[in-house]
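Me: I would like a close look at one part of this model, worked through carefully and then placed in its surroundings. Please take the question below as the starting point.

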Amino acid sequence: MSLIDLLTGNTSNQVAVQAENKFGISKNQIIALLAVAAPLIISYLRNKSQDSKEAEALNNALDKDHNGSILDDASQVEARHAEGGSILSHIFGNDKQNVENQLSQNTGISIDKIGPVLAMLAPVIMGYIGKEKQQNNVGAGGLGDLLGGILGNASNQAQAQQSSPLNDILGSVLGGGGQAQSSGNPLNDILGSVLGGGQKQQQGGLGGILGSIFGK
C-alpha cells in the first residue's frame, strides 16, 4: 500500500470521522493534516534510523506494537490515543512543540487541539510503517531505505496522478522525491521550506493548498 493509498483509503476516512466527532474539526482538515504529518513523521524516523541503536529500537517497537492491524480495525485508534502522545514525544523530541506550533499556524487547527489530533494519527502512521516492514521483510538495517522508499514513491505518485488537494499537499511536502534533506533536519526541510519558511507561501504552494482546504 502506498502512502497515498493510506491517505485516500478507508482507514484514513474512518480515523478522520472519529477525530471529527471527538474534536469538532472537519474530516477534510484531519485528512489534510495527516497528509502533512505522515511524511514528516516518516522523515524523522528515517533520520533516526541512520543511528544503529535508534534503528534497532524502532525495529523492535514496530515488531512489538505496530503490526498494521490498526489499519483494518479503526476502533483501536481511540484506545491507543495516549500511546500516540508517547510516540510523538519520542519521534520529535525537543522539536515537538515547534512542530505543533508550525502545524497549528499553517492549518488553522488550534494549538490546544493539534497535539491530541496528532496523537490520534500517530499509531495509524506507525501501523502503516509496520505493515510495510512486514510485507517487505525488512530488519533494522533496512529501515532507512524502506522509509526513504515510501517517501520517494509517494512523491512520484503524487506528481504522476491528476492534481487533487491531497496529491498537491504531498507533492509540496515531499518536493524532490522525498530525498531533499538538505539540512539533515526534517523539521527545517519540510516545515521550514514548505510550511513555515516565512509567510510567502500563503500565496501559493502548500500554504495556498492548505488555505483552500482550511478556509483561511
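Leaving aside its neighbours within four places in sequence, which residues is Ile129 in contact with?

Reply: This is a predicted model, and what follows should be read with that in mind. Once the neighbours within four places in sequence are set aside, Ile129 is in contact with Ile42, Leu45, Leu62, Leu146 and Leu147.

One of these partners, Leu62, leads directly to a helix pair. Leu58, Asn59, Leu62 and Asp63 on the H4 side meet Met126, Ile129, Gly130 and Lys133 on the H8 side, and sorted by class this contact holds 4 nonpolar, 2 polar and 2 charged residues. Two packed helices are described by the angle between their axes and the distance between the axes. For helix H4 (residues 52-65) and helix H8 (residues 111-135), the axes come within 9 Å and cross at roughly 95°. That angle falls in the range from 65 to 115 degrees, and H4 and H8 are therefore roughly perpendicular to each other.

The ring centres of Tyr44 and Phe92 are 4.8 Å apart and the ring planes stand at 85°, so the pair is edge-to-face. Distant parts of the chain are linked in this way, with Tyr44 in helix H3 and Phe92 in helix H6 (residues 81-92), 48 residues apart. Tyr44 is buried, because its relative accessible area of 6% is under the 20% cut-off; Phe92, at 6% relative accessibility, counts as buried too.

Ser110 lies in the loop between helix H7 (96-107) and H8, and it counts as partly exposed at 32% relative accessibility; although 85 residues separate Ser110 from Ile25 in sequence, their C-alpha atoms are 9.8 Å apart in space. Asn13, placed in helix H2 (residues 10-23), is likewise partly exposed, with a relative accessible area of 28%, and its C-alpha atom is separated by 9.6 Å from that of Ala74, which is 61 residues away along the chain.

Technical notes. Residues numbered from 1 in each chain as written. Predicted model: local features only at pLDDT ≥ 70, side-chain atom pairs only at ≥ 80, totals over all residues. Heavy atoms only, no water. Axes fitted to C-alpha atoms, helices over the stretch in contact; angles between N-to-C directions. Helix = DSSP H or I, 4+ residues; strand = E, 2+ residues; numbered from the N terminus. Parallel < 35°, antiparallel > 145°, perpendicular 65-115°, else oblique. Contact = heavy atoms within 4.5 Å. Nonpolar A, V, L, I, M, F, W, Y, C, P; charged D, E, K, R; others polar. Buried < 20%, exposed > 50% of the residue type's maximum accessible area, 1.4 Å probe, protein only. Phe/Tyr/Trp six-rings, centres within 6.5 Å; stacked < 30°, edge-to-face > 60°.
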